[in-house]
Each structure stands twice: as structure tokens, then as C-alpha cells.
Amino acid sequence: MAAVVAPVAAIVAGSVASAVVGGGILGAVIGGIASIGFSYLTREIIQPERPRTPAAPPPRVYTPPPAPAPRPIAPPRPVQPPVYRPPPTHRPEVSGGGLTQMVRQPITAHRVVYGETRVSGPVVFLHTRAPAGTDKLDILHVAVVVAAHEVDAIGDVYLNDQVVALDENGQALAAPFVRDGTVFAQVWKHLGSPDQAADAVLAANSNGRWTNAHRLRGRAWLHAQFRYDDKAFPSGIPNLSAVVRGRRVYDPRTEGTAWSDNPALCVLDYLRAPFGLATPLDEIDLASFIAAANICDETVERPGGTEKRFTCNGVLDIAQRPIEALPPLLSSCAGRLTYTSGQWRLFVGAFLPPIAGLSEAHARDTITVKPRRSRRELINTVRGTFLSPVHSWQPTDYPPVTRQAYLDEDGGEEVSENLDLPFTRSPYMAQRIARIALETRRKQLVVQFPANLAGLRLVAGETVAVTLTRLGLVEVPMTVSTWRMTEEMGVDLALHQDSPDIYAVALGDLRDAELGFRYLPNQRRSASTTVKTNRSACPALAAFTRLANRAGIFSMMRCRFPL
């Protein structure tokens with residue numbers, strides 16, 4: 001590819017290094033100042049290139065090696081019998097899987113719930129006792145912590161994957177948990193307030209093992225009482241979970257604290273929380289979070305109605321590092337979180353008009369333009385999962401997002417990338433986020449712009465209008481993906497092409513989420529799985545179904561073929 005021979009601009013056909021984010025959490029000094037951050041499109045922080053000064057090699061001094069010590073003769077190892085390892089009960093590679101499963105471990109990390117989702121947690125107490133007048137230990141008490149903080153509300157309670165209707169006293173109202181006047185399941189809910197009292201029923205029926213001092217303040221939890229019955233609980237102790245309206249978050253627009261599923265407010269809460277980054281307010285650009293929160297609350301059309309542009313509903317593990325926790329949070333709003341000039345700023349998936357212009361007059365050195373990405377960086381299809389309330393709050397595939405024009409450009413070969421959205425519960429919202437990711441990757445223009453001091457007015461994540469008349473670029477909107485101050489009293493900018501078309505998803509591009517299969521992370525392995533199909537319409541599919549059920553190859557998923 002020919003290059004423009006000029007000190008202000010050059011086209012480079014080779015690869016140009018570019019980064020969505022910079023490096024380090026507290027900032028980096030690279031002959032000056034660098035901007036850093038996180039993006040929903042990457043799980044790694046890409047460090048800006050650091051100048052390397054070769055160190056002088058130390059003088060070589062010969063040291064004779066020590067004499068080898070005699071090796072003792074080890075006794076022969078006893079032959080161990082083979083150990084059976086049960087198969088996993090969930091798909092760990094599916095983001096969001098296994099969160100509705102009770103955990104029985106002596107040490108486990110607590111969980112933080114943002115928005116509303118179905119969740120279980122660690123079992124902190126188990127106790128059996130005999131009903132009055134008998135000596136059979138038929139009653140089991142179970143205590144499960146569902147959140148490591150106070151929650152706004154606890155809604156539907158699930159035993160295994162079945163919603164249990166409860167009265168005001170927590171007693172089950174319908175079969176199989178009620179029969180002939182006997183109640184076999186009863187659940188009490190505790191929201192985790194700071195002054196939470198102990199569970200009176202558990203304290204009175206645990207033979208002193210659970211006392212009034214066991215209050216679990218600051219922990220939302222469930223107390224379930226099960227009475228043994230082979231019809232109510234044919235597979236043993238049921239899995240206990242519930243739909244939880246989670247953590248109350250601070251809203252800078254109202255300066256109040258209340259429950260919200262707004263992604264910008266949830267990210268802001270994680271930045272400020274002690275289990276997150278514990279960032280003081282003076283290190284947060286609240287104006288950017290207010291603007292992002294307003295964008296997330298906008299109403300957009302979907303098939304059959306409307307919905308918010310972005311919501312955040314999911315679970316974080318406290319043991320996660322920020323580099324692991326922030327990308328899933330940001331995935332709920334197609335967001336980018338940057339740290340520049342001592343402040344965190346949030347930008348969500350919507351087009352922002354350019355705030356300034358850049359041209360050859362603002363360059364201090366040669367501008368490098370890469371008109372196209374390499375083939376290995378291009379994709380034409382995005383696949384992934386979202387959290388589906390319709391499917392018992394399990395990770396479910398959203399329809400693949402693609403565009404025929406991109407497939408044709410790539411010679412008809414599908415090149416897909418996986419984007420799981422564990423904090424998204426709408427299939428249409430998931431498709432819009434995936435569409436933004438796809439269109440962002442197909443906008444291929446990248447500019448490495450060594451700016452003079454005019455670059456100081458810019459911030460990573462903002463949009464600028466780039467004009468390079470010699471290359472035919474006139475006010476092209478581009479996003480500042482990396483901002484780095486240099487020793488030459490200038491700012492090195494990495495710019496990626498932006499456009500309103502990236503975020504404008506047509507209603508006709510959204511498809512229904514009824515797919516041929518769905519993941520069931522909490523299901524136990526079984527010899528066969530029910531497959532609903534119209535056998536008379538497709539004899540070959542019927543034969544395949546019988547063979548698959550006989551072989552048990554669908555033991556980790558339930559299949560439905562809509563014919």
C-alpha cells in the first residue's frame with residue numbers, strides 16, 4: 001500500500017498496536033501521565049508501552065557448584081484404587097451458571113446482588129429434629145445466605161426449579177408440598193438489615209445450637225423447614241433459591257440511596273464499595289455517571305412493546321478481583337470505564353457527539369492511519385448467553401447476531417466470537433449489546449495521533465472529529481481509546497472509528513429468543529431428558545431423539561425443536 005510522504009500523515013499497511021484501555025488500576029507514569037480503564041469487550045487490562053532502559057550486566061563471577069547430596073531411596077508407593085469423581089453439576093464455562101445452586105462448603109465467598117435475579121448461596125446451618133410426639137428425625141432446618149448485604153426484597157422462592165406459593169407465614173400452599181392438611185415446606189425470609197433479629201423459630205427448635213445471638217446482621221438469608229415426605233421430596237433435600245431484589249445504590253441525580261437496576265449506578269456503587277475499589281467521591285466524575293445513568297434509563301422499542309435501553313441484574317462474587325468483576329458489570333451497558341486525570345469516568349453504549357476537532361495542525365509528529373484491521377481481528381457473528389427469567393433464570397443462548405453484508409465481505413465464512421452477558425435478562429437487550437460489539441469491530445479505521453498540547457483537553461472515552469484532508473477524512477467521529485502524555489510535551493492518542501450507526505439497532509434486527517436448546521447448569525445428570533418434538537412431522541428427528549435419549553448425550557441440556 002502506498003504511503004503519503006509527509007511528516008504529518010502516513011498510511012501504514014502493517015499492524016498498529018491499539019488498546020481499549022491502558023494499564024494499572026491506580027494509574028501509570030510513562031514519562032508523564034496515562035489514561036487507564038476497563039471495557040466490556042475485554043477481560044484484560046492492556047498496559048501502555050513502557051520505555052525500557054537496558055540494565056548493565058553484573059560482573060560474572062565463577063562459583064563452583066555445591067556437591068550433590070545423596071538421594072535417599074524412597075519406599076515404593078502403595079497402589080491406590082481408582083477414585084470415582086462425579087461429573088460437574090453445572091457448566092463453569094457458561095458465564096452466570098451455577099448461581100442458583102446451594103453450596104455446602106466450610107469456606108466460600110459471599111455474593112453481591114445488583115438489580116433483580118434468582119440466587120442461592122452457602123448453607124450456614126443444618127439441623128434435624130423430630131416432630132412432637134415422635135422420635136423420627138423427620139424435620140430438617142436449613143439456613144442459606146443469599147447476599148452479603150441488606151437487600152430490598154426477596155420475592156419468589158424456588159425448591160429445585162419449581163416456584164413455591166407461600167402464605168403470610170411462609171407455609172407452602174400447593175401440592176406436592178401440602179397434602180391432607182400437612183405442610184411439608186415452610187420458608188422465612190430475612191432481608192439483612194443492620195438491626196436484624198434472630199430467627200425465633202430456628203432458635204426455639206434447634207436445641208440451643210442456634211440462639212438469639214445468631215442474627216446474621218448485614219446478611220440476607222432464608223430459613224427453610226422441610227418435613228420428610230417421599231412424594232414432596234423424591235430426590236432428597238431440595239435446592240433452595242429465591243428471586244432477590246438486591247443492593248440499594250446511591251443515585252447522584254437525587255442524592256438518595258434506593259434499589260435500582262441502572263447499570264451506571266451499579267458500577268458507581270462497586271467503585272465506592274469496600275468490597276470493590278473503595279474510591280472516594282472526589283476521584284469520580286459524577287457528571288459522566290449522571291449522563292450514563294440517563295442514557296441507560298431511556299426507553300427503546302422491542303418486539304411487542306418497549307424496555308429500558310440497559311439494565312443490570314446479576315451477581316458478583318466478593319472474591320473476584322476488580323479486573324474480573326468490572327467487565328461483566330460493564331457488559332450490561334456496553335460500557336467503558338476510564339481513569340484519567342485522577343478521576344473515573346463512565347461511557348455507555350450510545351453515540352456521543354464530538355466535543356472537539358483534530359487536524360494536521362494539532363499533530364506534533366507523523367500521524368499513522370490504519371484503514372483496515374487484520375483478518376484475524378474481524379468477526380461477522382456474535383454469539384453468547386443471557387440470564388433468562390423465562391427459563392428459570394438460567395443462562396440461555398440469545399439469537400446469533402450477524403449481518404449478511406459482513407458474511408459476504410468475508411467470503412461467506414462465519415467468524416464468530418462469544419459474548420456472554422451475565423447481567424442482562426432480556427433477549428432483545430442482549431441482541432442490542434451484541435450488535436454494538438459487532439459493529440464496533442467492523443468499523444476498521446484506526447488512527448495513532450501524536451497530538452501537541454491540544455490533546456490535554458481530551459479524555460479517554462470521548463468522541464472527537466478527525467479531519468485529515470490529504471487522506472480524504474473530513475470530520476470523521478472517532479473515540480479516544482488511549483490517552484498518554486509523553487516527555488515531548490504532547491499527548492499520544494489512539495483513535496478508533498465511531499458512528500451513530502453502531503448504536504442504532506433497527507426493530508427488524510431483533511429476533512425472538514426461542515432457540516433449539518438452553519443450558520441448565522443446576523440439573524443433575526440423568527439417563528434421559530425430555531425432548532419435545534413433533535415426531536410425525538420429522539421421522540428422522542424422532543429417530544435421532546430416541547437414540548440421543550438412549551445414549552444420554554442430552555443429560556446436561558433440555559432440547560426443544562420447534563417444528
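H127 counts as buried because its relative accessibility is 9%, where buried means under 20% relative accessible area, exposed over 50% and partly exposed in between, with a 1.4 Å probe and protein chains only. The model is predicted, so local features need pLDDT of at least 70 and side-chain atom pairs count only at pLDDT 80 or more, while totals for chains, interfaces and linings use all residues. Residues are numbered from 1 along each chain as its sequence is written, and side-chain values use heavy atoms, with hydrogens and water left out.

H127 belongs to strand 5 (residues 123-129), strands being DSSP runs of E with at least two residues and helices runs of H or I with at least four, numbered from the N terminus. Beyond its neighbours within four places in sequence, H127 is in contact (heavy atoms within 4.5 Å) with I139, L140, H141, N205, S206, N207 and R209. A polar atom of the H127 side chain lies 3.4 Å from the backbone oxygen of N205.

Elsewhere, helix 2 (residues 263-272) and helix 3 (residues 286-296) have axes that come within 7 Å and cross at roughly 145 degrees; the axes are lines fitted to C-alpha atoms over the stretch in contact, with angles running from 0 to 180 degrees between N-to-C directions. Helix 2 contributes P263, A264, L265, V267, L268 and L271 to this contact, and helix 3 contributes L286, F289, A292, A293 and C296.

F289 is also one of the residues that touch the most other members of the largest nonpolar core, which has 51 residues; such a core is a set of buried Ala, Val, Leu, Ile, Met, Phe, Trp, Tyr and Cys residues joined through side-chain atoms within 4.5 Å.

Note on methods:
A polar contact is a pair of N or O atoms within 3.5 Å; within protein, one must be able to donate a hydrogen and the other to accept it, and residues adjacent in sequence count only if both atoms are side-chain atoms.
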